[in-house]
Amino acid sequence: GKILFEPESLAFQGMRGLYQAIPFQADGNLRFFKDPLINVEIRTASHIDQILSLLPSEHKKWLKDFEIKGNCQTVTSVNGLLKDPSSLAPQHQLFLEQGSLTRGDKKLSITELSGLIAANNDGFRISNGRFRYFDKNYFLSAFIPLKNQPGALELESQGLKVSADYTIGKN
């Protein structure tokens, strides 16, 4: 990769590295004006199990009964002021292909799983989701909010079309 030192900034292009056995490439810049500003994009290409190993333990417990396989590409972007870590707004995208999801007791087996999952501080968005379940093809789009805002779900298959807006609340 390249590191370019410029007046008031530092830029890097094609920087390669390894984090927890996952190869990555990073591009971005750091500007040193009055308030230091970072703009970075990190890309990986790996297997979904490697990416899931990076999840915090409280999130891993949701997946403990499932086996998830597939190839994925990820992009993480971080932009914001270094002086104010709360201003750093990470955006994550994961594209899964040739995936499968199986529950340990084999009562759930989804194959041909693919789609884009985007995550940010507001929630998770699934776009162009496709999968096969009980010899039927399905298409899925959804928004799962992390904050008190409405979510959305669209699920389609031959003879089935479901669309819903919902709110997650405390009862």
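1. Accessible areas here come from the Shrake-Rupley method with a 1.4 Å probe, and for residues only the protein chains shown count as cover. On that basis the protein has an accessible surface of about 11,900 Å², and carbon and sulfur atoms hold 56% of that surface.

2. A word on provenance: this is a predicted model, where local features need pLDDT of at least 70, side-chain atom pairs count only at pLDDT 80 or more, and totals for chains, interfaces and linings use all residues. Residues are numbered from 1 along each chain as its sequence is written, and side-chain values use heavy atoms, with hydrogens and water left out.

3. The protein has two helices and 11 strands, taken as DSSP runs numbered from the N terminus (helices H or I, at least four residues; strands E, at least two). Their order from the N terminus is β-β-β-β-α-α-β-β-β-β-β-β-β.

4. For overall dimensions, the C-alpha trace spans about 60 × 35 × 30 Å along its principal axes. Among contacts (heavy atoms within 4.5 Å) with a separation of 6 or more, 30% are between residues 24 or more positions apart.

5. Of the 171 residues, 23% count as buried (under 20% relative accessible area; exposed is over 50%, partly exposed in between; 1.4 Å probe, protein chains only).

6. Ile168 is exposed because its relative accessible area is 51%.
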